[in-house]
Amino acid sequence: MLRAESLRHAFGAARALDDVSFTLTAGRTLVVFGPNGAGKTTLLRVLAGLIKPQAGAVYLEGGRSAVGWIGHHAHLYGHLTVLENLQFWGALYGLRRVEAERRAVDVLTRLGLADRAGQVVRTLSRGQLQRAAIARALIHDPAVLLLDEPFTGLDLAAAAEFRHLLAELAGRGRVLVMATHNVEEGVELATDVAFQLAGRFVRLEPRGGRGAAAIAEDYRRTVTGV
Amino acid sequence: MSDLWRDAWTLARKDLLIEYRSRTAFLSAAVFTVLVLLVFVFGRDPTAVAAVDLAPSALWVTFTFAAMLALNRAFQLELENQAFDGLLLSPASRWSLFLGKLVGNLVFVGSIEALGLPLFVLFFNVSLGTSLFPLIGVLALATVGFVAVGTLFSAMAIRTRFAELMLPVLLLPFVLPPLMWAAQATTALLAARPLSEIRGSLYFLAAYDIVFVTVSILLFPFLVEE
């Protein structure tokens with residue numbers, strides 16, 4: 001379970017989080033939509049424990065071990081191979097070498113990157129790097145996955161496979177929080193939808209049966225006020 | 001092995017593997033060591049300054065600035081793909097991150113010293129004889145202290161715009177005392193004076209190590225929090 005209570009954070013005069021609260025139980029996926037600078041990345045960084053909020057608190061079962069992060073940066077070392085990177089991160093999450101290797105092969109196979117396991121990371125293409133970053137985030141089978149514009153750099157086939165993987169993870173009880181400015185990208189995964197403007201959740205509600213078009217129209221009205 | 005040391009060793013091994021693959025910093029530091037020793041040797045007027053009088057200063061100036069290259073590199077590795085955020089997200093304790101960097105830096109600086117010491121003996125034509133092991137002891141004591149402080153300041157400097165300039169500015173005032181004691185002890189050892197004459201310097205170096213290693217470990221978690 002993941003709970004955020006009255007989170008507030010500002011960078012100087014700019015409010016990044018303004019009284020943000022929500023609770024997500026197992027299997028829930030919250031997709032946070034907002035324009036650039038709305039505070040989405042700050043929200044994820046606070047949830048992950050990378051930023052201590054100026055007010056409010058985050059309750060996360062399992063602590064940092066339970067979190068997986070996919071963001072703008074891959075968190076991978078260019079001089080190591082994909083497999084060596086995954087073994088390193090697996091070891092930091094307490095996985096034994098054999099277990100880390102087995103999980104790495106599983107995840108890489110799932111992401112269509114198994115044939116690149118022995119390749120040095122700095123020689124990967126942008127899309128391959130993003131898939132390797134996804135594998136890194138999943139190596140320890142996190143209970144909570146925080147995703148910041150996770151489809152960036154993925155081609156159509158890889159994006160479709162990744163969506164499928166995320167849906168499967170949610171089906172296995174994982175909690176997902178995804179931040180994006182693109183309604184088309186994330187909405188089909190959402191059980192809950194939030195619109196974030198100037199740090200504040202101006203809407204937070206279950207998605208219900210609404211499709212991407214309806215939510216996109218709601219979002220457009222919320223952002224433009226028209 | 002406790003989680004603390006296991007995670008520290010995982011991080012140190014990763015850093016050393018990256019250095020082994022790239023060899024960039026080691027080669028730079030090795031070339032730097034050779035060149036600085038040569039400058040001291042050929043820049044000296046043999047009719048005015050005896051080699052043995054110049055040797056202690058030359059040794060410590062060379063090793064100090066060669067070590068700067070290692071210390072600068074320690075956290076620059078983590079800037080690639082923002083891997084440092086990944087480390088902070090992981091369940092590894094902040095203390096283990098510091099210890100991992102410290103161990104990696106000690107191995108790196110120790111390797112440079114292992115390369116530089118025979119060259120120093122050769123270029124300055126000094127006879128170590130029974131002073132060899134005491135000199136290695138002085139090297140070890142001084143290196144632990146300034147590498148610990150350097151690792152801490154390297155973590156601090158890396159978030160600034162001019163990290164490579166900031167590190168020497170921050171570090172040199174703090175490492176002057178151990179360098180002074182180490183140079184005094186080296187002078188005595190090269191002059192084949194009795195070991196009792198360097199006891200005071202050794203005590204000061206040991207006390208400096210205990211204090212600054214402890215302080216660095218305790219301060220590191222506060223430096224890396226956002």
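**Close-up views of chain B**

**View 1. Length of helix α2 of chain B.** Helix α2 (residues 24-43) of chain B has 20 residues, which at 1.5 Å a residue should span 28 Å, and its end C-alpha atoms are 28 Å apart, in agreement. The expected span is 1.5 Å times one less than the number of residues. Helices are DSSP runs (H or I, at least four residues) and strands likewise (E, at least two), numbered from the N terminus. This is a predicted model, in which local features need pLDDT of at least 70 and side-chain atom pairs count only at pLDDT 80 or more, while totals for chains, interfaces and linings use all residues. Residues are numbered from 1 along each chain as its sequence is written, and chains are lettered from A and ligands numbered from 1 in the order in which they are written.

View 2. Ala25(B), Ala29(B), Thr33(B), Leu37(B) and Phe40(B) are the buried residues of α2(B) (20 or more other C-beta atoms, placed from the backbone, within 10 Å of the residue's own; exposed means 12 or fewer, partly exposed in between). They cover an arc of only 95 degrees around the axis, so they lie on the same side of α2(B); the arc is that of the directions from the helix axis to the C-beta atoms. On the other side, the exposed residues of α2(B) are Leu27(B), Val31(B), Leu35(B), Leu38(B), Phe42(B) and Gly43(B).

**View 3. Cover of α2(B).** The buried residues of α2(B) are covered by elements including α1 (3-22), α3 (51-76) and α5 (94-124) of chain B. Chain B has eight helices and zero strands.

Notes: Two residues are in contact if their C-beta atoms, placed from the backbone, lie within 7 Å.
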